[in-house]
Amino acid sequence: MRDGVGRRVFAARAPRRQAAPSNRRFELVAPAVRRLDAPAPAAQDRIENNSQESPPMPLPSRRAVLAGASLAALAACGQRQASANRHVNVYSARHYDSDRRIYALFTERTGIDVRVLPANGDQLIERLRQEGDQTEADLIVTVDGGNLWRLTEAGLLQATTSPALEAAVPSRFRDAQNRWWAFSKRIRIIAARRDAGAAIQSMDELAEARFRGQICARSSSNTYNLSMMAARIERLGRANALAWARGVRENFARPPQGGDIEQLRAIVAGTGSIAITNHYYLLRLQQSADSAERAVAAALAPIVPDQRGAGVHVNISGAGVSAHARRRDEAVQLLEFLVTPEAQRVVQELNLEFPIRPDTALLAPLAALGRFHEEQIPFDALGRRQSEAARVYEEAGWL
Ligand SMILES: [Fe+2]
């Protein structure tokens, strides 16, 4: 069986109420366990590949998982030995080092192993639909408010609440029926080449004729752009959104191509002077060990747009307990752990995302973007309006 990008995946179904799932399907994440057979990616790849758009991670070999499991056992403390069989299965569309670190910390704190099945957002939902009540998923983790909405629409999540969740997550960043809870957020910003000297404060201005030939943008089929457009339609209506998309398309420096990082590299290389990017791509360049990448970042001014208007476009990552979770208690524990101060620090340190807890101190790279005013729309609009967003882009010729 092969997935959407042609990689081999393992069969989805397991007999109902079968014992623990085969290790072959999951990546076991524990302090002593990393993908032992995985070579380190090249520095250039690491930035763009450490991204939600990445294809699913190759599943670890059986040898690696077993080797890792025995290492974990050797490293186990008494608490872990006492609960050696406890685990929780996570289906995740996030493939970040930050998440692996959080799961490892969770295992250290609780003795509960975390087994992760990676998939991208669409695959995740399709797989869960096919598995139905025979799924092995306990906790489901994904990027994008639109994906979270689709999970709820498909009945794949169950309501969960607890004092810890209620205290940590503002009401705006959780489902109205408590089926998902956000644990990190990102903003979509403008990057402008400093030497071009463009004065720009709003995404609206990207459609102005003064920027003809200046804008680099990625494909409209990308989730980040679809969600940005869905939010605009929700806020300003279809006619405004279509006129804006047409104006931006007329200002393109080149046809849409590549990811957010490619747009940043292109404008520094002289193809146009303005790009749209999620904030963390620019911060990753700033923080890179590669001096050439730091030079790209230094040439760019980050602009958090619409601070005098509607606020900057925000998107979230979130998690919810699977509708058919067999390990509900463990899933809730992990969900709560995602919004602890400890985990909220990790999403900043390792992934340069904004924490969801308002009481979390921002680390320097994030604080440098300043306090910002956020676009106020319900996150389910990112899902409800995604199809309409795609049609608007198509009609505008932004492919
Ligand atoms: Fe990303």
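Me: Which residues of α11 are buried?
Reply: H279, Y280, Y281, L282, L283, R284 and L285 are buried in this predicted model.

Me: Which residues of α5 are buried?
Reply: G121, L124, I125 and L128, in a helix that runs over residues 121-131.

Me: How do you know where on the helix the buried residues of α5 lie?
Reply: Look down the axis of α5. The buried residues fall within an arc of 90°, so they line one face of the helix.

Me: Why is D144 called buried?
Reply: The cut-off is 20 or more C-beta neighbours within 10 Å. D144 has 24 inside 10 Å, so D144 counts as buried. This residue sits in the loop between β4 and α6.

Me: What is phi of D144?
Reply: Near 80°. That is a positive value in a residue other than glycine.

Me: Why is D306 called buried?
Reply: The cut-off is again 20 or more. D306 has 20 C-beta neighbours inside 10 Å, so D306 counts as buried. D306 lies in the loop between β9 (300-303) and β10 (314-322). Its phi is positive too, near 65°, and D306 is not a glycine.

Me: Why is E374 called partly exposed?
Reply: Buried needs 20 or more neighbours, and exposed means 12 or fewer. E374 has 17 C-beta neighbours inside 10 Å, so E374 counts as partly exposed. The residue is in the loop between α15 (364-367) and α16 (380-384).

Me: What is E374 in contact with, leaving aside its neighbours within four places in sequence?
Reply: G311, V312 and V314. P305 is 69 residues from E374 in sequence, yet the C-alpha to C-alpha distance is 9.7 Å.

Me: Why is α9 called oblique to α17?
Reply: Helix α9 (residues 238-250) packs on α17 (residues 386-396) at about 45°, with the axes 8 Å apart. Roughly parallel needs an angle under 35 degrees, and roughly perpendicular begins at 65. The angle falls between those ranges, so α9 is oblique to α17. The crossing is right-handed.

Me: Which residues make the contact of α9 with α17?
Reply: From α9, R238, A241, L242, A245, R246 and R249; from α17, E388, V392, Y393, E395 and A396. By class there are 6 nonpolar, no polar and 5 charged residues.

Me: Why is α4 called roughly antiparallel to α14?
Reply: The label needs an angle over 145 degrees. Helices α4 (residues 97-110) and α14 (residues 341-351) pack at about 150°, with axes 8 Å apart. The angle passes the cut-off, so α4 is roughly antiparallel to α14. This crossing is right-handed.

Me: Which residues make the contact of α4 with α14?
Reply: α4 brings D97, S98, R101, I102 and L105, while α14 brings E342, A343, V346, V347, L350 and N351. The classes come to 6 nonpolar, 2 polar and 3 charged residues.

Methods
Residues are numbered from 1 along each chain as its sequence is written. This is a predicted model: local features need pLDDT of at least 70, side-chain atom pairs count only at pLDDT 80 or more; totals for chains, interfaces and linings use all residues. Helices (H or I, at least four residues) and strands (E, at least two) are DSSP runs, numbered from the N terminus. The arc is that of the directions from the helix axis to the C-beta atoms. Axes are lines fitted to C-alpha atoms, for helices over the stretch in contact, and angles run from 0 to 180 degrees between N-to-C directions. Angles under 35 degrees count as roughly parallel, over 145 as roughly antiparallel, 65 to 115 as roughly perpendicular and the rest as oblique. A crossing is left-handed if the near helix is turned anticlockwise from the far one by less than a right angle, and right-handed if clockwise. Two residues are in contact if their C-beta atoms, placed from the backbone, lie within 7 Å. Ala, Val, Leu, Ile, Met, Phe, Trp, Tyr, Cys and Pro count as nonpolar, Asp, Glu, Lys and Arg as charged, and the others, Gly among them, as polar.
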